[in-house]
Amino acid sequence: MVNFIKPLYLGTEKEFANLYANPIKNGQHKDSSKKDITVMKQRSYVLHKKLSKFVQRKEAELLKTFLPQKFEYVLFIPMTAVQNTLYEFILDAIASRGDSRGKSLITDYTVLRKIWTHPKVLEDAWKNANAKNKKDNKKHGCPHSDDDQPDDIYDSQTGVISVTNDWWRKYLSKKDLETIMPSNKLRTMFSILRMCEEKGEKWYVVK
């Protein structure tokens, strides 16, 4: 960051590490000696003074006088009839496992989360998982990074509710996968976005 503003103001990367970074780190350990701590404080002070002319560190408190008051709301949104049917199917499948039902807790949670978001998410996960299996069978192609993949694409769970099984299809119509109607969550979200747009307000969605 400093090099962008003032190139080599703090020296080269090696010089900066020897003069500031390493001494400061050495004095921050639990077993740091008194000498290390003293040097750390000295170098931190010098670095702070050198940067004070063009690096400003401000707390969020500074913005409170300029920003409108913040309100947070928690909405409890019921599922639609379609979602309830899918949800009950999953709960019955989990209950039928008996003593082993706790072994796939995270996988079960991701399935339920898809249902309460929108049934379309189930179809997308199924397509992604099967597409990955085909690539693995062919043993070629460039692997994608983990960040680009859905959270359950590596789901190894077998049986009725496996991500590679389209168990949900018999409970859904084509229309259910093409509209937002089967999801009260999405319907509510789009209603809020529409009202924000009408009032000229800014908005953002956190995944």
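User: Which residue forms a salt bridge with Lys-64?
Analyst: Glu-61 does, with the closest N and O atoms 3.5 Å apart. A salt bridge here is a side-chain nitrogen of Lys or Arg within 4 Å of a carboxyl oxygen of Asp or Glu. This is a predicted model, where local features need pLDDT of at least 70 and side-chain atom pairs count only at pLDDT 80 or more, while totals for chains, interfaces and linings use all residues. Residues are numbered from 1 along each chain as its sequence is written, and side-chain values use heavy atoms, with hydrogens and water left out.

User: Is Lys-64 buried or exposed?
Analyst: Lys-64 counts as exposed because its relative accessibility is 57%. Glu-61 also counts as exposed, at 53%. The classes are buried for under 20% relative accessible area, exposed for over 50% and partly exposed in between, using a 1.4 Å probe and protein chains only.

User: How many salt bridges does a search of the whole structure find?
Analyst: Five. One of them joins Lys-70 to Glu-72, with 3.2 Å between the closest N and O atoms; both of these residues are exposed. Arg-169 forms another with Asp-166, where the closest N and O atoms are 2.9 Å apart.

User: Which residues are linked in a network of salt bridges?
Analyst: Lys-120, Glu-123, Asp-166 and Arg-169. Arg-169 is partly exposed at 31% relative accessibility, and Asp-166 is partly exposed at 27%.

User: What about Asp-176, where is that found?
Analyst: Asp-176 sits in the loop between α6 and α7, the latter being residues 184-199. Asp-176 is buried and has no salt bridge. Its nearest side chain of opposite charge is Lys-175, 7.5 Å away; Lys and Arg count as positive, Asp and Glu as negative, and His and the chain ends are not counted.

User: What does the side chain of Asp-176 reach, then?
Analyst: It reaches the backbone nitrogen of Ser-173 at 3.0 Å. Leaving aside neighbours within four places in sequence, Asp-176 is in contact (heavy atoms within 4.5 Å) with Val-82, His-118, Tyr-171 and Pro-182.

User: Zooming out, how many helices and strands are there in the protein chain?
Analyst: Seven helices and zero strands. Helices (H or I, at least four residues) and strands (E, at least two) are DSSP runs, numbered from the N terminus. Of the chain's 207 residues, 26% count as buried. Among contacts with a separation of 6 or more, 66% are between residues 24 or more positions apart.

User: Which residues touch the most other members in the largest nonpolar core?
Analyst: Leu-86, Ile-90, Ile-115, Leu-122 and Trp-167, out of 14 residues in that core. The elements giving two or more residues to it are α4 (81-95) and α5 (105-117). The largest share, five residues, comes from α4. A nonpolar core is a set of buried Ala, Val, Leu, Ile, Met, Phe, Trp, Tyr and Cys residues joined through side-chain atoms within 4.5 Å.

User: What is Ile-90 in contact with, leaving aside its neighbours within four places in sequence?
Analyst: Val-111, Leu-112, Ile-115, Ile-161 and Trp-167. Another core, of eight residues, lies apart from the largest one, and its members include Val-2, Leu-10, Tyr-20 and Leu-51.

User: Tyr-20 is in α2, I think. Which residues of α2 are buried?
Analyst: Tyr-20, Ala-21, Pro-23 and Ile-24. These buried residues pack against α3, residues 34-51.

User: Where does α2 kink?
Analyst: At Leu-19, by about 35°, shortly before the proline Pro-23. Helix α2 covers residues 13-26. The bend at a residue is the angle between axes fitted to the seven residues ending there and the seven starting there.

User: And Leu-8, what is its phi?
Analyst: Leu-8 has a positive phi of about 60° although it is not a glycine. Most residues other than glycine have a negative phi. Leu-8 lies in the loop between α1 (2-5) and α2, and is exposed, with a relative accessible area of 58%.

User: Last one: how far apart are Val-121 and Leu-177 in space?
Analyst: They are 8.9 Å apart, C-alpha to C-alpha, and 56 residues apart in sequence. Val-121 lies in helix α6, residues 119-138, and is partly exposed at 30% relative accessible area.

Note on methods
A polar contact is a pair of N or O atoms within 3.5 Å; within protein, one must be able to donate a hydrogen and the other to accept it, and residues adjacent in sequence count only if both atoms are side-chain atoms.
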